[in-house]
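Here is my note on the two-chain model you sent.

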Amino acid sequence: MGQKATSRPASLVGRLVRGAALWALPLLAVTAFALVWLYRVSTYQIFDEPLISTVTSLISSAETIPQDSGETIIALSKEPLDPRYQRALSGRYWQIISSDAQISSRSLYGGAIELTPEEQSRLTDNPGQQISGSSPGPDGESLRFVARSVILPDIDAPIIMAAAMDQSPAKRAINRFAVLAISVLAALTLGLIAAIVLQVRLGLRPLFELRDRVADVREGVTTQVEGAYPREIAPLAQELNSLITHNRDVVERARTHVSNLAHALKTPLAVLTNEADRHQTELGNIVGRQTRTMTSQVEHHLARARAAARAQTTGTRSDISASIEAMSRTLARIYGQKDLDIEADLSPDIWFRGEKADLDEIAGNLLDNACKWAKGRVRVTLIATGETGFADLIVEDDGPGVKPENYRKALQRGERLDEAIPGTGFGLSIVDDLVRAYKGAVTLGRSDLGGLSVTLRLPSALPPKPETS
Amino acid sequence: MRVLVVEDDKDLSRQLAEALRDSGYAVDTAQDGEDGHFLGDTEPYDAVVLDLGLPTIDGISILQKWRADGKSFPVLILTARDQWSEKVSGFDAGADDYLTKPFHTEELLARLRALMRRAAGHSTDTIEIGGLTVDNRSARAFVDGMPIKLTSHEFRLLSYMAVHVGRVISRTELVEHIYDQDFDRDSNTIEVFVGRLRKKIGTDRIETVRGLGYRLMDPSGKTGKVEAIEDHSK
């Protein structure tokens, strides 16, 4: 089951949404990354400004004082003014690093701005270079430092001037921005996907519409796929209609073939049956038996061919009132001597969802059975049911009726409840077969007229709209 | 009584004709639609057995033409088409009964008798006229319960007169209804047959109405009155 689900072709909506997500999501991720990076760069640019000016002032106030010992010491003519440089572990520090000594702000409190050896060598190898970076601070904080190397008079080795500041406020700001940016972009992503889904569904609406109209055809509400469709799928609708027409033609041809076959076989069978009847010899008996077998085979296969033809038809509906009216007219002639009163109370808004030939067969056999048994009255009622898509056709007579224990028997093929009336029971089994083929049901009961009441639950459809031509 | 069988299958047509002749009918057969239509149009049949799938003109069209021309003889459709929609079109075209192939000859004969009976207004196959019994079912006749020997022509003559008991029937009409088309028709032979019949069933049962024809009657009860002669030859 699960394996089947994975091999099933994906939905079109799913495909389109996934396709859109494939470019939208990386794009949004890159945007988030770039935004955070830009914010970080500009934050540090601003953050570094006081550090740079401290370094600059350190450089400008640094003096070299040659000593008698031959050494040259470095002194500051003026220390940077900010009082935080004086307070221990205030978070703002400066430092001058030379090859043999270092001068620091008081705030460093004996600690140091620790540059990595690589950073130191980068500075000393390229005098005048300025770098910035992070390093651990004396109080365990993370420091942002700016360092520059300068050549001072009388000293050969470059001197590194560095200023540093606790960078946690900047980091916090950057983190806050990153969280904000990512949540805004995530929301944007969700909105975008929702918009894409909406757009795809809207764009594919004619396809869903087409699906519904095809379902209408299958359910017999319409005979052709109706409606105007966009240029892209209009040919599809046309092809479907041609297919439906073709299907109907094929079914019609199949029925014609079946009917021709019936005619072709039944006449020879009639000749053989009659000839066998006339000769009460052994040959006559054999021919009689075999022709009966052949006849039942022919009937069986005709019924199957008709059923197969029926299974292929879609979208047909037939007028129940017209069919009942035709059957009543015909049966009135067949039972001409009986003086039958056939009452019909039929709702004209209910049609049969199926083939006319099958409806005629159902109505004919049912009414024929009722007329056979009836003493004088037959009543036909067609009403809607609570179940949508189904209607009840009720045929009652004032004949002797059937005992409830025989109901099941009456619907079985070949059962004749009263051998005195030829063909009784056979018709009802045909009705039962046909109605079942249309997923309906046959219920027998007792009529208030006194005889049998047969209720058929039949698939129903609305009558076609009147032609406006 | 004279019956037309329109059926294109030669064997079936022959079987039907034989069975019908054995039952005391004069039978004509036609094997295509055109012949069948022509015969029905020109001859006064008492019943027609009509196949639907015929060469040249189909059965339904033939029936519609006959009915449009005012032909009222009972027609039994004999066909392989057993769908109710086809039965409806058959009856709508003017059929009186419908039998599907394959069938038993007995059933066909019973239905034909019923049709002719209904057309003549009788309710049973056996007609009883003052001690004379004509059984159309077995094609036999009895006088006071005793069977009488009749040739097929004699029986047809008696049967036709019995069905139309009390009505004066012209010689021409009798000729048309007891002989098939191939028979050499001579209305003088009717006089011979009537003479022989009188000998077998009693002279007073068949009255000669001079210049008009013959009438079968109950010699004791004086059934029926003289009616205007219907011209069945047209």
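Predicted model: local features only at pLDDT ≥ 70, side-chain atom pairs only at ≥ 80, totals over all residues.

1. Strand β6(A) and strand β7 of chain A, residues 159-166, run antiparallel and pair over eight bridges. β6(A) itself spans residues 142-150. Seven of the nine residues in β6(A) are buried, leaving the strand mostly covered.

2. β6(A) also pairs with β5(A). Strand β5 of chain A covers residues 130-136 and is joined to β6(A) by seven bridges, again in the antiparallel sense. A:S132 has A:V146 of β6(A) as its bridge partner. The two strands make a hairpin, with five residues between them. Look at A:G140 in that turn: its phi is positive, at about 85°.

3. Now chain B. Five of its strands form an open sheet with parallel pairing, in the order β2-β1-β3-β4-β5. The edges are β2(B), residues 26-30, and β5(B), residues 97-100, and each pairs on one side only. From one strand to the next, the twist averages 20°.

4. Take one pairing from that sheet. β4(B), residues 75-79, and β5(B) are parallel and share four bridges. Within β5(B), B:L99 stands opposite B:L78. A helix covers part of this region: α3 of chain B, residues 59-68, lies across β3(B), residues 47-51, and β4(B). The helix runs at about 150° to β3(B).

5. Chain B has another open sheet, this one antiparallel. Its four strands follow the order β6-β7-β8-β9. β6(B), residues 126-129, and β9(B), residues 146-148, each have a single partner strand, so one side of each is left without a neighbour in the sheet. Here the twist averages 25° from one strand to the next.

6. At one end of that sheet, three bridges join β8(B), residues 140-143, to β9(B). The pairing is antiparallel. B:A141 stands opposite B:I148 of β9(B).

7. What about the core? In soluble globular proteins, nonpolar side chains tend to be buried together. The largest nonpolar core here holds 104 residues, and B:V3 and B:L50 touch the most other members. Its largest share comes from helix α9 of chain A, residues 356-373, which supplies eight residues. A second, separate core has 22 residues, among them A:V55, A:W94, A:L108 and A:F145.

8. B:L50 deserves a look on screen. Setting aside neighbours within four places in sequence, its contacts include B:V6, B:G59, B:I62 and B:L63. B:L50 is also in contact with B:V75, B:L76, B:I77 and B:L78.

9. Finally, the contact between the chains. How many residues does each chain bring? Chain A brings 23 residues and chain B brings 19 residues. On the chain B side, α1 (10-22), α4 (84-93) and α5 (105-120) each supply at least two residues. α4(B) gives the most, with five residues. By class, the side of chain B that touches chain A has seven nonpolar, six polar and six charged residues.

Definitions and conventions. Residues numbered from 1 in each chain as written. Chains lettered and ligands numbered in written order. Contact = placed C-beta atoms within 7 Å. Nonpolar A, V, L, I, M, F, W, Y, C, P; charged D, E, K, R; others polar. Core = buried A, V, L, I, M, F, W, Y, C linked by C-beta atoms within 7 Å. Buried ≥ 20, exposed ≤ 12 C-beta atoms within 10 Å, placed from the backbone. Pairing = 2+ DSSP bridges. Axes fitted to C-alpha atoms, helices over the stretch in contact; angles between N-to-C directions.
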